[in-house]
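Trainee: I would like to go through the labels on this model and ask what each one rests on.
Mentor: Go ahead; take them one at a time.

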Amino acid sequence: KGEDPPFAPDDVTPDKIRSWNANENVSLGWKKGMRFELMDPLAQMFNELRVASVLEVLKGGYLRVGMDGPDVETECIPLHCTSPFMFPVGYARKYNIHLEGPNDTESFDWNDYLQQSGAVAAPEYLFRRTPERAYMDHFQVSVIGAKLEASDMCENHLVCPATVAAHKGRLLQIHFDGWEDSYDQLFDVQYVHVSQIIRIL
């Protein structure tokens with residue numbers, strides 16, 4: 001049994017960090033090998049989803065996940081099961097979001113892929129739910145064309161005039177005024193920092 005390090009008076013000690021606990025709103029049904037759709041938080045392209053797998057179920061609600069393909073193990077990342085970057089199978093197709101398949105597959109079909117790989121899709125109840133209209137109205141972003149200021153998720157210090165271009169379930173497609181559409185980004189309206197990265201004008 002190890003000893004605690006010599007904390008300084010201003011250090012954040014483990015007992016000061018509130019731990020995550022499962023509750024009735026969070027299910028622990030994740031299993032190794034489940035497939036889902038992922039917005040890669042490291043790719044700096046917050047406008048598409050990737051085919052992904054659960055590589056390992058860790059403690060405290062964490063998962064080790066990877067984008068399917070030859071580098072799935074070497075480019076894996078840890079995410080909490082409540083992460084706003086995770087989506088159920090079929091989300092991209094339902095909301096017309098580009099889905100990048102394994103090996104940069106141009107045409108990808110989930111049914112064929114799951115059958116060929118012998119895998120199963122993570123059930124939809126494991127993911128964040130699409131908020132009710134009242135929640136969207138709270139942020140005053142329920143109207144397409146609403147003007148706001150948005151922080152570029154690739155460079156958080158860069159705050160730009162922006163426009164709500166589309167609703168895609170629990171995601172808002174944000175267009176940065178004066179930029180090409182290819183730079184649009186998808187923001188989760190339930191993300192913990194949404195009040196810091198989107199400010200209504």
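Trainee: This is a predicted model. Why is Glu 100 said to have no salt bridge, and which side chain of opposite charge is nearest?
Mentor: The nearest is Arg 50, 5.6 Å away. A salt bridge needs a nitrogen within 4 Å of a carboxyl oxygen, so Glu 100, though buried, has none.

Trainee: What polar contact does the side chain of Glu 100 make?
Mentor: One with the side chain of His 98, at 2.9 Å. Glu 100 itself lies in strand β6, residues 98-100. Beyond four places in sequence, Glu 100 is in contact with Glu 48, Leu 49, Arg 50 and Val 51.

Trainee: What makes Asp 68 and Arg 35 a salt bridge?
Mentor: Their closest N and O atoms are 2.9 Å apart, and the cut-off is 4 Å, so the pair qualifies. Asp 68 is in the loop between β3 and β4 and Arg 35 in strand β1, so the pair ties together parts 33 residues apart in sequence. Both residues are buried.

Trainee: Why does Glu 73 count as partly exposed?
Mentor: Its relative accessibility is 47%. Buried means under 20% and exposed over 50%, so Glu 73 falls in between. Arg 64, at 22%, is partly exposed too. Arg 64 and Glu 73 form a salt bridge, with the closest N and O atoms 3.0 Å apart, and Glu 56 is linked with them in a network of salt bridges.

Trainee: How many salt bridges does the structure hold?
Mentor: Five. Another of them joins Arg 170 and Asp 188, at 2.2 Å from N to O.

Technical notes: Residues numbered from 1 in each chain as written. Predicted model: local features only at pLDDT ≥ 70, side-chain atom pairs only at ≥ 80, totals over all residues. Heavy atoms only, no water. Helix = DSSP H or I, 4+ residues; strand = E, 2+ residues; numbered from the N terminus. Buried < 20%, exposed > 50% of the residue type's maximum accessible area, 1.4 Å probe, protein only. Lys, Arg positive; Asp, Glu negative; His and termini not counted. Polar contact = N/O pair within 3.5 Å; in protein donor to acceptor, adjacent residues only side chain to side chain. Contact = heavy atoms within 4.5 Å.
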